[in-house]
Amino acid sequence: MTYTEDKRQSSLYLAVSCQSEEPRLPLHTSIALFLLSYCECKSFKVFLVFTKPGCSQSLKCQLPESVDVSDTQLEDLPQLVKGCRLPAVLDETGRLCRAGLAVVLRHIINKTLETDPSRNDVLALLGFKKTCLKACAEVSKWTRLCETGIPSAVEEYLQNPTTQYGHLPLSILSLEQRLAEPVKVHNDDKIRRQKLQEQRRNKKKESPEGREDVDNVSNPGQSPQVCDGLELRAALAKLSVDSVPAVTTRENSEIRKVKTTDLPPLEHVFAEGLYFTLTDVVLLPCIQQYLCSLQARAASLLQQLPHLLCWYSRVQEVPGVLRAAKACGMALSIPQVPTVSLPGPPAESNPTNLLEQEDNHDTTTQQPFVGGPRPTMTKLKEKGIEAVFTPHPCPAWTLPWDSLPGAINPTESKMSNIRAVRKRQQLNNLVAMVTELARPGHTIVDFCSGTGHVGIVLAHTLPHCQVILIENKEESLVRAQCRSADLGLKNIGFIQANLDYFTGPFQIGVALHACGVATDMVMEHCIQAGAAFVISPCCYGFIQNAVKFTFPKSKRFKETLTSKEHMILCRFADQTAVQLPPDRRLIGKQCMGLVDLDRSWAAEARGYLVQVMTMEPESCSPKNNMLVGKPPQNSRLEVISNLKEAPVKLAICSLGDILCCHL
């Protein structure tokens with residue numbers, strides 16, 4: 001391959017880890033290679049990234065021959081890729097990076113379909129409405145279990161098998177339980193009626209008086225054994241398996257009269273239900289390595305995984321799986337289960353219950369809170385806690401919109417004129433704050449960037465800064481990249497990833513209308529990086545307890561409100577639409593202020609200087625709050641410490657004055 005041809009290809013970067021000085025492929029790398037082999041995709045130049053000097057020669061048996069593989073070192077990665085957790089794909093322009101397992105795998109599927117649109121088996125991997133593993137792991141328990149939970153648990157087991165001897169990881173138990181549950185799929189009523197008809201037909205065959213009518217009710221040429229697994233036949237029929245007939249006979253009138261609630265449930269065939277999807281591709285290398293290790297060290301535990309073993313067997317019947325596995329050096333076989341009986345897991349170890357406790361941290365024992373926001377607001381006021389907004393330091397500041405290129409101006413997009421004017425006003429507020437904080441050489445990250453309204457303006461306005469747009473929706477980010485290309489911007493990069501997969505250094509984080517807990521995720525990411533932040537929250541009603549934090553967040557709010565009382569504030573904080581009565585909008589604004597006050601105090605407890613202000617003009621958005629935070633870099637921390645001892649309302653006003661003077 002010539003250099004010119006190489007430049008036209010996207011580059012896929014996969015991690016290599018070292019264990020006992022020998023290179024090995026982490027599970028995320030094995031999963032990506034397995035999908036490349038299954039799809040027979042040749043659209044990528046694959047780089048194995050070594051953290052220590054080494055080469056892939058010893059890994060050759062695990063690398064599909066059809067994949068073009070090269071070696072590289074961690075320090076030689078392109079800058080955008082360096083700022084992300086692997087796996088990652090850098091497009092041919094070098095400006096757009098896709099990072100994270102689910103994002104990269106979905107991109108591999110899309111590139112395969114671009115090359116060969118006839119690959120219906122590959123298209124089916126994206127699942128119903130192409131949503132398989134599309135929800136980010138920060139908010140989807142299922143994505144988190146498949147993308148990070150199970151691979152991490154298996155990696156830990158493989159590296160330290162003796163420390164986990166005698167018990168199964170919680171994530172594996174959770175998958176086992178998921179596979180044991182009934183399946184709910186789109187339009188499953190018809191399949192369930194077919195299943196009921198087959199059950200009655202088989203029961204009639206088994207009874208002596210029904211043997212004479214067997215030929216009248218069975219499909220020609222269909223053996224009783226084939227009727228035993230309707231779900232599996234439906235799944236394989238979708239994959240165009242000619243040797244397995246699909247059920248097409250319409251059920252009789254007696255079956256059609258049966259109530260839906262009385263129909264038999266459908267059993268899991270694959271991880272997400274009846275059909276083979278990307279989730280099964282992710283799980284197969286993980287479960288294959290886990291079962292092989294388990295059989296060698298603690299085979300008796302296999303008895304606790306009957307549904308997982310059944311799934312493992314069914315996956316091997318999917319056309320192309322055995323071929324792809326062989327190309328990747330995966331020896332698929334059905335483990336031998338010993339006959340020694342083991343007691344099941346105790347009731348209190350129910351995987352779903354444990355996962356709920358781990359993920360939600362919700363105080364389910366508290367009494368439900370009934371009523372509007374006024375009792376909660378009164379409760380806070382009695383403790384000296386009220387929403388106070390810092391005056392806007394530059395309310396009249398505006399970008400020179402008339403002299404800016406058309407591709408930057410929101411009025412050039414498809415949005416209405418009224419909305420475009422409001423968008424310009426929102427951008428004025430955020431760009432004003434960022435401009436005051438930015439210094440030459442700074443990296444500014446536009447989180448939840450959408451089509452790039454904020455990031456593109458910042459890249460144009462601050463040419464001596466590097467701007468990175470992060471968004472998990474591919475369509476939005478591609479549009480932003482096109483707008484950037486039209487403007488000829490050189491100081492801008494794009495990353496399609498969930499927040500957790502971005503690990504690069506930066507000095508300022510910005511987000512316009514980050515919905516629900518996305519605001520808290522951005523704040524947390526900025527605090528972890530020691531970066532300043534300018535954030536406009538949105539969709540307060542979507543706030544919920546997450547893996548990394550619970551609500552309320554600050555010490556004072558936790559001492560005053562229960563989680564359910566805090567959620568009441570969040571729900572009413574969304575009632576600020578212009579169509580609502582003025583008094584109701586005022587209460588909504590106060591609730592917004594209280595929720596953001598809790599957020600600001602939580603950041604202040606970690607040394608930040610934070611102010612909550614209202615964007616100007618207030619009519620620019622019903623969600624017009626703005627959080628501006630500076631990391632602990634100077635002696636003002638001592639002032640904050642002193643202010644903490646003063647009355648709450650006075651402390652916030654004084655803190656706002658300090659920041660206003662600084663800005």
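Mentor: What covers the buried residues of helix 19 includes strand 6 (96–99), helix 18 (453–461), strand 8 (466–471) and strand 9 (492–496). Keep in mind that this is a predicted model.

Trainee: Which residues of helix 19 are buried?

Mentor: Ser476, Leu477, Ala480, Gln481, Arg483 and Ser484. They lie on the same side of helix 19, because they span an arc of only 160 degrees around the axis.

Trainee: And what's exposed on the face turned away from there?

Mentor: Glu475, Ala485 and Asp486.

Trainee: How many residues does helix 19 have?

Mentor: It has 14, residues 474–487. From first C-alpha to last, helix 19 reaches 20 Å, close to the 20 Å expected at 1.5 Å a residue.

Trainee: What follows helix 19?

Mentor: Glycine 488, with a positive phi near 70 degrees.

Trainee: New topic. Why is strand 13 largely enclosed?

Mentor: Six of its six residues, 625–630, are buried, so the rest of the structure largely encloses strand 13.

Trainee: Which way do they point?

Mentor: Asn625, Leu627 and Gly629 point one way from strand 13. Met626, Val628 and Lys630 point the other way.

Trainee: How many bridges join strand 12 to strand 13?

Mentor: Six, and the two strands run antiparallel. Glutamine 611 has valine 628 of strand 13 as its bridge partner.

Trainee: And what about strand 11?

Mentor: Strand 11, residues 532–538, pairs with strand 13 over three bridges, also in the antiparallel sense. There, phenylalanine 533 stands opposite glycine 629 of strand 13.

Methods. Residues numbered from 1 in each chain as written. Predicted model: local features only at pLDDT ≥ 70, side-chain atom pairs only at ≥ 80, totals over all residues. Heavy atoms only, no water. Helix = DSSP H or I, 4+ residues; strand = E, 2+ residues; numbered from the N terminus. Expected span 1.5 Å × (residues − 1). Buried < 20%, exposed > 50% of the residue type's maximum accessible area, 1.4 Å probe, protein only. Arc of directions from axis to C-beta. Contact = heavy atoms within 4.5 Å. Pairing = 2+ DSSP bridges.
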